[in-house]
Each structure stands twice: as C-alpha cells, then as structure tokens.
Amino acid sequence: MKKLIVLSFLVLLAPFTLSAQRYLSGMKGVQFTGGVVDGFNGFQTEIAYSRYNRHSNRWVTGIGLLNRKVSDRMGDIPVSQVTVNGGYFINLLSDNRKVFFLSVGLSVMTRYESINWGTRYLPDGGMIQDRNRFIYGGSASFEIETYLTDRFVLLLNVRERGMWGGDTNKFHNDMSLGLKYIIN
C-alpha cells in the first residue's frame with residue numbers, strides 16, 4: 001500500500017516537476033529563416049549557427065541574402081545584399097515546460113550591396129550613380145521560439161536593421177519564419 005501511495009504521489013507531481021532539457025549551456029543549433037523585408041517590398045533568407053551559454057542566452061552567427069526593390073520612374077531597380085552577422089540574444093521569457101521562449105538580441109553586420117546586379121545603365125538610357133560596395137551596421141531583434149520536438153524549433157523573428165556606408169535606405173525591417181535544428 002505504501003508503494004502505491006508513493007507512486008500515485010509521483011504521478012500527480014510529475015507535470016509540475018518535469019521539464020525538458022532545453023537552453024542548456026553548450027547546446028548548439030543550426031537555423032534557416034526566410035521572410036519579407038520592408039513590408040512586402042523584398043525578401044530575405046538566412047542560415048545561422050546558435051550556441052547557448054549560461055542563463056539561457058545565446059550567440060548567433062550567420063550569413064544571409066536580402067533582396068528588395070527601389071522604385072524609379074522607369075520601374076523597380078533590384079538591390080541585393082549579402083550579409084554576414086553576429087549577435088547576442090537574451091532570453092526574456094519562457095514557460096515552465098520550456099516550450100515557448102521570447103528573446104531579444106543585438107547584432108553587428110557587414111554586407112556587400114549590389115545595385116541593379118552591377119549594371120550601371122537603366123533601360124531608358126539613364127545611368128545609376130550609386131555603386132556596389134561593402135556597408136556596415138547592426139540590428140535589434142525580437143524572436144519567439146516554440147519547440148515542436150526536442151530537436152526541432154519553430155522561429156518567428158522581427159528585426160530592425162540599420163546600415164551605413166551605402167547609397168540606398170539606411171533602415172530596413174523584416175519579419176521571418178524559420179526552423180532550427182538542435183545538434184546536441
């Protein structure tokens with residue numbers, strides 16, 4: 001009878017004491033995200049590597065591609081940027097079961113910006129004065145993570161980027177959806 005009481009007590013207590021082994025120091029993950037830029041004026045895609053450390057925070061480094069359009073009197077001019085970035089995300093909020101996480105992050109980045117794919121002349125004969133170049137800047141992000149399984153994580157990221165040194169707009173916002181795979 002004593003064993004039955006102890007077993008019943010453990011079964012009743014289990015939902016309140018058990019939690020998944022997530023956001024542990026040393027965990028690593030690879031993530032792929034894609035989304036829209038400046039409303040629906042373009043798209044961005046990124047592949048990144050995450051490494052978790054103490055206090056449920058993480059370092060993220062990645063490379064990505066941002067492609068958007070700048071309006072001109074003759075139509076839209078494509079602007080593409082290849083991005084390399086690195087940043088630190090702080091966990092702000094999580095539930096007791098370690099399924100839902102809200103993080104905020106700051107990143108530094110450098111990009112190579114290509115305007116009209118390097119072509120200087122427009123179809124109407126006009127010449128583009130802006131040139132291709134390396135630009136630099138940073139971003140502030142809010143990210144929501146929801147664990148689908150112990151290895152797969154669904155991501156929703158909202159980011160505001162500020163880029164200097166280029167000839168086009170300085171600030172861009174993007175919203176992206178992605179999937180992260182936890183390596184270990």
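The following questions and answers walk through a predicted model of a protein.

Visitor: Which strand gives the largest share of the lining of the largest cavity?
Guide: The count comes to two cavities of 30 Å³ or more, and the largest cavity has a volume of about 110 Å³. Of the 13 residues that line the largest cavity, the closest to its centre include Gln31, Phe89 and Arg159. Strands E1 (28-37), E4 (75-94), E6 (133-147) and E7 (152-164) each give two or more residues to this lining, and the largest share, three residues, comes from E4.

Visitor: How many residues in the lining of the largest cavity are polar?
Guide: Sorted by class, this lining has two nonpolar residues and three charged ones, while the number of polar residues is eight.

Visitor: Over how many bridges do E6 and E7 pair?
Guide: Strand E6 pairs in the antiparallel sense with strand E5 (residues 100-115) over 14 bridges, and within that pairing phenylalanine 101 has glutamate 145 in E6 as its bridge partner. E6 and E7 form a hairpin with four residues between them, and serine 139 stands opposite arginine 161 in E7. The pairing of E6 and E7 is likewise in the antiparallel sense, and its bridges number twelve.

How values were computed
Residues numbered from 1 in each chain as written. Predicted model: local features only at pLDDT ≥ 70, side-chain atom pairs only at ≥ 80, totals over all residues. Heavy atoms only, no water. 1 Å grid on protein atoms, 1.4 Å probe; cavity = no way out; pocket = protein on both sides within 12 Å on 5 of 7 lines; lining within 4 Å. Points joined across faces, edges and corners; volume = space filled by probe spheres on them. Nonpolar A, V, L, I, M, F, W, Y, C, P; charged D, E, K, R; others polar. Pairing = 2+ DSSP bridges.
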